[in-house]
Amino acid sequence: MSARLRRLTTPVVLLVLWEGAARAGVLPPDKLSPPSAVLEAAWRLSADGTLGGSLLDSLRRAVLGLVIGGTLALVLGAVAGLLRLGDDLVDPPVQMARMLPHLGLVPLLIIWLGIGESLKVTLVALGAFFPIYLNTYAGIRGIDERLVEAARTCGLTWLERVRHVVLPGALPSLFLGVRLAFAAGWLSLVVGEQVNGEGGIGFLMMEAREFSQTEVVVLGLLVYAVLGLLSDLALRMGERRLLSWRRGLRAS
Amino acid sequence: MAARSSGLVVEAAGVRRSFGDTVVLDGVDLTIGHGEVVALLGASGSGKSTLLRILAGLDDEATGTVKVPESRAVVFQEHRLLPWKRVADNVALGVRSKDAASRTASALAEVGLADRGRAWPAELSGGQSQRVAIARALIREPELLLMDEPFGALDALNRLKMQALFGRLRALHGFAALLVTHDVDEAILLADRLMVLDGGHIIESIEVDLGRSRAVDTPGFATLRRKLLTLLRVPAEGVAWDAEELRGAPR
């Protein structure tokens, strides 16, 4: 038996046990629905378009929040990393704000923004902002000064040095930041979508809870998990393409 | 290439540089003629690299007058290639002319790496990386080449090959060069003039008149070597492990 197959054994056994326990009546269906019921719910909700619509709502919030938070973080991180004045002006307030748990801001954000779309997008943006800011800043600060100097002796202007030395040098750290931002963004979305409002996977789950449709709640969880997995995969593929120069480093 | 007027490529006078209270360069005067290779020797911490960095325009806090040509290039002890650019792109870095690609190819061919243009720096050996660094300097057709212990990080055999390569490239391009080194043999082999830096001053400037083709067994080499080592305050008696002789040797 190959190692890959062996590693599949336990998950499959657990699934079978779960299904069996539900069918034997050991697991009450209103506490935890069997996998078959979850699959069936998936089929039903896909067919009537509910799942697709909710997914689209959630994705729109996630993308919007990530773009807003990420862009802001990138700009501020670059300003703080590249310019001494920027460092003095930008970094202290960001470091202070970082200490606030952003999910703890939900009550305040509800007062400011209500419970609509802007609350959810803001939460995702806040979650994505800090990892990207911190890693952009650290990536730029971690550049080997000797490489910058060598580029200077090759006649590169300040802007060209940023483009050819600083940005590519900070890219590995930036990628780490984006991956952490994705994770934080999804988490923020889950929390944000449970604060009432309309549409989205979270809304689907909250609604199902009211009608004790446990299988839909479990389905929502699964969808979140798959979304997280897919975004991580996409990011890793992008990383492999953009950071192909590191392959040589790893081999040697 | 335009005919070069005779005269000086580098004119530096009264160069001073201190780090805090430590004065590293205390009024250094230095000139380098067209096509002249000057080796700069000195103990560690004598300010050799500091002087080179000043000539390279990398030090803003030095005082004194420094006249260097606009067209100059630097080779550092470490290759300092950008790991995220392929070898050819590293060589062509900052070269803005239209024929950059063909110039890159010929620069790489000159250092014997014509077929490695597509490689990543991480795939090269130490000696190869340093050759690329030299190609990156030469593609700029510099009037002045500044080299900071360029072969110092290489093993002894590679160093010999690179010294021979330097001789060939020099004959080909006719650049003037300042070669910072702590290798006395290398200095005598490659330079037209030797300068010794000590206590913030140039304490000696020696013309090397051993001819254009020289080796460690060229007559006069050993004498010059001994003289240099004395200036650098290194005992030049050689190595002895004959117990009898050691006992009789003066301390």
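Student: In which order do the three strands of the open sheet in chain B stand, and what kind of pairing do they have?

Tutor: The order is S2-S1-S4, and the pairing is antiparallel; two strands pair if DSSP finds at least two bridges between them, and the strands themselves (E, at least two residues), like helices (H or I, at least four), are DSSP runs numbered from the N terminus. This is a predicted model, in which local features need pLDDT of at least 70 and side-chain atom pairs count only at pLDDT 80 or more, while totals for chains, interfaces and linings use all residues. Residues are numbered from 1 along each chain as its sequence is written, and chains are lettered from A and ligands numbered from 1 in the order in which they are written.

Student: How do you know that S1(B) and S4(B) are joined?

Tutor: Strand S1 (residues 8-19) of chain B is linked to S4(B) by four bridges, against the requirement of at least two, so the two strands count as paired. Within this antiparallel pair, B:Ala13 stands opposite B:Thr65 of S4(B).

Student: What makes S2 and S4 of chain B the edges of the sheet?

Tutor: Strand S2 (22-33) and strand S4 (63-67) of chain B each have a single partner strand, so one side of each is left without a neighbour in the sheet.

Student: Why are H4(B) and H5(B) called roughly parallel?

Tutor: Helix H4 (residues 126-138) and helix H5 (residues 156-173) of chain B pack at an angle of about 15°, with their axes 11 Å apart. Angles under 35 degrees count as roughly parallel, over 145 as roughly antiparallel, 65 to 115 as roughly perpendicular and the rest as oblique, so H4(B) and H5(B) belong to the roughly parallel class.

Student: Is B:Arg80 buried or exposed, and how do you know?

Tutor: B:Arg80 has 23 other C-beta atoms within 10 Å, and a residue is buried if 20 or more lie within that distance, exposed if 12 or fewer, and partly exposed in between, with C-beta atoms placed from the backbone; B:Arg80 is therefore buried. B:Arg80 sits in the loop between strand S5 (72-75) and helix H2 (87-91) of chain B, and its phi is near 55°, a positive value in a residue other than glycine.

Student: What is A:Ser212 by that rule, buried or exposed?

Tutor: A:Ser212 has 11 C-beta neighbours inside 10 Å, so A:Ser212 counts as exposed. In the loop between helix H9 (201-210) and helix H10 (214-242) of chain A, A:Ser212 has a positive phi of about 55° although it is not a glycine.

Methods:
Axes are lines fitted to C-alpha atoms, for helices over the stretch in contact, and angles run from 0 to 180 degrees between N-to-C directions.
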